[in-house]
There are 2 protein chains.
Amino acid sequence: MDTHKHFMQAAIDSSLKSIENGTGPFGAVIVDKEGKILVEAHNEVTTQNDPTAHAEVNAIRRACKLINNFDLSGCTLYTSCEPCPLCLSACYWAHIEKIYYANTREDAAAIDFDDKEIYEEIKKPIPERKIQMVQYGRENAITVFEKWVNKKDKIQY
Amino acid sequence: MDTHKHFMQAAIDSSLKSIENGTGPFGAVIVDKEGKILVEAHNEVTTQNDPTAHAEVNAIRRACKLINNFDLSGCTLYTSCEPCPLCLSACYWAHIEKIYYANTREDAAAIDFDDKEIYEEIKKPIPERKIQMVQYGRENAITVFEKWVNKKDKIQY
């Protein structure tokens, strides 16, 4: 049995379940370094009223809860669609090692999801983005960063 | 009273509380279109073992729960630091209208957070990224997108 095929089929099956449950057509699976499926998850944006509840984010959050750690180093993500920038960023923060994806951001754009547009927005310089961004109050906020630097018992991530 | 100053100070106060609670120095506030603070939130990555529990993501999740909707159109985000790509993407998905931020991604990099590096990774073509990404299984996954297109009662987001 081709393990990649097995893991990707689990992610695709989850994307189908997502539609049946009334939300977006996306599914994901996280496999640990021993080749065991830790979690399967699907999109829950409209069922949970959570715009961040994408399949990959859900999978990462639940895998972390399961292993009691915020670091998924050595784990592989299988996802039915190329991760959007939210999900790709979550993979970096979680230290996911490798990503297998099936559909592309162009496929997602063709069915009216904003993945491709958000990739283009993030690349832009701040003043050219659709969401207006204004810097304000750094002189106060930077003192908190200084407190962080001087904190003795901090946990880095 | 300068409302921007008030809202930003609430976000900065929340970033200070975050350090006191033992996690990263980041705080955020979401203000609705009437100028009322909906939620204050801070980073909870290491306390919740959730690599996606950034201040802005937490604020967006909780504001959505509060208003029972996945759409925060018309709302403004105040954050003690420029949103990382995870949080900026979450703002796009949630339709946040405007962002005020204090510290920058360079300030975050100077205290060893990966925001700036992830911005650079996301811009790269897929084969040049640190996380290896492999396309696999589109012929099966695309059939689920087709089912989505043909679904009659779907909720778009």
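Five strands form an open sheet in the order S2(A)-S1(A)-S3(A)-S4(A)-S5(B), with mixed pairing. Strands (E, at least two residues) and helices (H or I, at least four) are DSSP runs, numbered from the N terminus. Two strands pair if DSSP finds at least two bridges between them. At the edges stand S2 (37–42) of chain A and S5 of chain B, each with a single partner strand, so one side of each has no neighbour in the sheet. On average, neighbouring strands are turned by 15° against each other, direction ignored. Helix H3 (residues 55–67) of chain A packs on this sheet and touches S1 (27–31), S2 and S3 (76–81) of chain A. The direction of H3(A) makes about 145° with that of S2(A).

This is a predicted model: local features need pLDDT of at least 70, side-chain atom pairs count only at pLDDT 80 or more, and totals for chains, interfaces and linings use all residues. Residues are numbered from 1 along each chain as its sequence is written, and chains are lettered from A and ligands numbered from 1 in the order in which they are written.

**Across the chains**

Strand S4 (residues 98–103) of chain A and strand S5 (residues 132–135) of chain B run parallel and are joined by 4 bridges. Two bridge partners are listed here.

| Residue in chain A | Bridge partner in S5(B) |
|---|---|
| Lys98(A) | Gln132(B) |
| Tyr101(A) | Gln135(B) |

Helices meet too. H4 (residues 85–94) of chain A packs against H4 (residues 85–94) of chain B at an angle of about 155°, with the axes 8 Å apart. That makes H4(A) roughly antiparallel to H4(B) (angles over 145 degrees count as such). Axes are lines fitted to C-alpha atoms, for helices over the stretch in contact, and angles run from 0 to 180 degrees between N-to-C directions. Pro85(A), Leu86(A), Ser89(A), Ala90(A) and Trp93(A) meet Pro85(B), Leu86(B), Ser89(B), Ala90(B) and Trp93(B). By class, this contact of H4(A) with H4(B) has 8 nonpolar, 2 polar and no charged residues.

**Symmetry and interface**

A rotation of 180° with 0.0 Å of shift along its axis superposes chain A on chain B, at an RMSD of 0.0 Å. That is the relation of a two-fold axis. The superposition is by least squares on C-alpha atoms of residues with pLDDT of at least 70 in both copies. Of the residues of chain A, Leu86(A) comes closest to the rotation axis, at 2.3 Å (C-alpha). The same surface serves both copies: 100% of the contact residues of chain A recur in chain B.

In total, 69 residues of chain A are in contact with 69 residues of chain B (C-beta atoms, placed from the backbone, within 7 Å). The side of chain A that touches chain B has 41 nonpolar, 16 polar and 12 charged residues.

Definitions and conventions:
Parallel < 35°, antiparallel > 145°, perpendicular 65-115°, else oblique. Contact = placed C-beta atoms within 7 Å. Nonpolar A, V, L, I, M, F, W, Y, C, P; charged D, E, K, R; others polar.
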